[in-house]
Amino acid sequence: MKKCITLLFSLLIIAVTLSGCSVILSGLIILPNILATEPTAATGPTAPTTPVPETITIAEAREAAKGTEVKVTGVVARITYASGQAPSGVVLVDNTGSIYVYDTDVAERVSVGDRITILAKKDYWILTDEQDEAGKFGYMGCNQLISVASFTWLESGIDFDKSWIETTTVKSIMDTVVTEDITSLIYKVTAQVKKAPGNGFVNYYIYDLDGKTGTYTYTQCNGGDFAWLDEFDGKICTVYVMALNAKSSASGCVWRFLPVSVIDEDFDPGTVNFAENAVKYYGVTQFLPSYTGNPALELETSATNALLGYTEIALSYQSSDPSVISIDENVMNCHEAGTATITVTAVYNGVSYSEDVTITVEKQQSVDYVDVNTAINTAVGETVTVKGIVGPSLVNKTGSISLMRPVLSQWKPPQM
């Protein structure tokens with residue numbers, strides 16, 4: 001069988017004019033690839049290609065299992081930085097949620113307000129040195145995307161969607177147990193931004209409206225990456241913030257914040273219900289969910305908030321069942337086993353606010369205590385119950401001993 005070959009060419013001509021006549025001096029035929037009517041034989045089977053996932057929402061990506069490849073589109077809301085102010089990752093937002101993307105290449109190529117599509121892997125990140133402690137408290141790690149395989153830039157100058165963002169308080173975020181998967185999820189809060197310079201570093205804190213409930217920002221640049229917060233220092237602002245990760249130690253876990261956006265809206269303290277603030281931040285916070293035995297807890301009789309500017313708002317307490325829990329002269333005593341509701345009330349300028357706290361009193365079991373000296377001489381690994389005074393060390397009449405105790409709640413960062 002004959003092959004029919006089609007030659008497609010171009011002719012390049014160099015011509016001059018001599019004595020009024022055009023003369024061709026040289027020519028060149030330029031040939032492209034030869035096109036045959038018959039295809040050449042295949043050299044082997046084509047390797048199968050991995051199908052690219054369909055684009056999903058960020059909310060769906062957050063729910064994906066670790067190691068899953070996901071494709072998402074979103075707006076860059078914030079860029080994070082590693083040591084030396086090198087871009088390390090971005091906060092990506094769509095109309096369903098937010099997620100942190102840890103990828104230096106992407107971070108170096110984008111600006112805040114860029115809308116991009118990425119193909120990446122789902123991950124949960126915990127600092128290697130903290131993984132054992134995190135596991136003890138059920139902390140999963142930062143919900144994030146890593147190992148970006150493809151990147152498409154779509155447009156710029158886009159504000160991130162805020163329609164889905166929950167309005168809450170710093171206190172509510174801090175009270176969220178670390179077993180809940182809230183990392184890299186943006187919240188809207190009204191909070192105080194506070195700068196605290198140290199020796200060669202700067203800490204930035206995001207505090208609630210009591211001026212003390214909150215935590216510090218997560219930095220790898222000794223605070224230099226948050227210098228943009230300086231203009232808000234000491235002010236109460238609208239803050240879009242996320243718990244980026246949790247510091248995990250033997251003492252427990254504490255959320256560390258990443259502020260995404262801060263807006264100074266000339267906050268007016270007069271818009272706050274002072275009675276409600278007194279109850280929520282100074283009243284109900286005194287109680288534990290349960291007690292074994294009698295704590296003889298002396299309760300606060302008033303609340304003062306220098307940040308908001310109110311002083312000596314009276315606090316009162318009432319028990320639903322004095323046989324279980326009684327309150328006399330602002331001292332709470334637990335009696336028999338059962339459940340009681342404590343109502344905490346404050347009144348300011350004729351405005352009253354109350355909130356209930358349900359407390360369980362558990363029956364105190366008979367326990368054989370040993371003194372500290374006996375505990376010191378007990379074999380390693382044996383369980384003992386020691387009765388003494390809790391302080392810098394545990395002391396009774398026969399000696400002192402240092403304790404490592406099981407932690408029942410999350411620790412709070414030192415206040416500056």
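The structure is a predicted model, in which local features require a pLDDT of at least 70 and side-chain atom pairs count only at pLDDT 80 or more, whereas totals for chains, interfaces and linings use all residues. Residues are numbered from 1 along each chain as its sequence is written, and side-chain values use heavy atoms, with hydrogens and water left out.

The pLDDT (the predictor's confidence in each residue, from 0 to 100) averages 86 over the protein chain, and 81% of the residues score at least 70. Over residues 1-26 the pLDDT is below 50, and beyond near neighbours in sequence this stretch has 40 contacts in the model, a contact being defined by heavy atoms within 4.5 Å. The pLDDT also stays under 50 over residues 28-42, for which 22 contacts beyond four places in sequence are found in the model. Where pLDDT is low, the predicted coordinates should not be read in detail.

Secondary structure is taken from DSSP runs, with helices (H or I) of at least four residues and strands (E) of at least two, numbered from the N terminus. Two strands are regarded as paired if DSSP finds at least two bridges between them. Strand 7 (residues 86-93) pairs with strand 8 in the antiparallel sense over five bridges, and the two strands form a hairpin with four residues between them. Within this pairing, Gly89 stands opposite Tyr102 of strand 8. Strand 8 is also joined to strand 10 (residues 142-155) by three bridges, and these two strands run parallel; here Tyr100 stands opposite Gln144 in strand 10. Accessibility is classed as buried (under 20% relative accessible area), exposed (over 50%) or partly exposed (in between), with a 1.4 Å probe and protein chains only. Four of the five residues of strand 8 (residues 98-102) are buried, so this strand is largely enclosed by the rest of the structure.

A further open sheet consists of three strands in the order 18-22-21, with antiparallel pairing. Strand 18 (297-298) and strand 21 (325-328) stand at the edges with a single partner strand each, so one side of each lacks a neighbour in the sheet. The antiparallel pairing of strand 18 with strand 22 (residues 331-334) extends over two bridges, and the bridge partner of Glu298 in strand 22 is Val331.

A search of the whole structure for salt bridges (a side-chain nitrogen of Lys or Arg within 4 Å of a carboxyl oxygen of Asp or Glu) finds 10 of them. One of these joins Lys66 and Asp123, with the closest N and O atoms 3.7 Å apart. This pair links distant parts of the chain, 57 residues apart: Lys66 lies in the loop between helix 1 (58-63) and strand 6 (69-82), and Asp123 in strand 9 (residues 115-125). Lys66 is exposed, with a relative accessible area of 58%, whereas Asp123 is buried at 11%.

A salt bridge is also formed by the side chains of Lys247 and Glu130, at 3.0 Å from N to O. Lys247 belongs to strand 15 (residues 236-249) and Glu130 to the loop between strand 9 and helix 3 (131-137), so the pair ties together parts that are 117 residues apart in sequence. Lys247 is partly exposed at 28% relative accessibility, while Glu130 is buried at 4%. In the salt bridge between Lys235 and Asp264, the closest N and O atoms are 3.1 Å apart. Lys235 is located in the loop between strand 14 (214-216) and strand 15, and Asp264 in the loop between strand 16 (252-263) and helix 5 (274-283), so parts that are 29 residues apart in sequence are tied together. Lys235 is partly exposed at 34%, as is Asp264 at 31%.

Asp208, in the loop between strand 13 (202-207) and strand 14, is buried yet has no salt bridge. The nearest side chain of opposite charge (Lys and Arg count as positive and Asp and Glu as negative; His and the chain ends are not counted) is that of Lys171, 7.3 Å away. The side chain of Asp208 instead reaches the backbone nitrogen of Val170 at 3.3 Å. Leaving aside neighbours within four places in sequence, Asp208 is in contact with residues including Thr169, Val170, Lys171 and Tyr281.

Notes: Polar contact = N/O pair within 3.5 Å; in protein donor to acceptor, adjacent residues only side chain to side chain.
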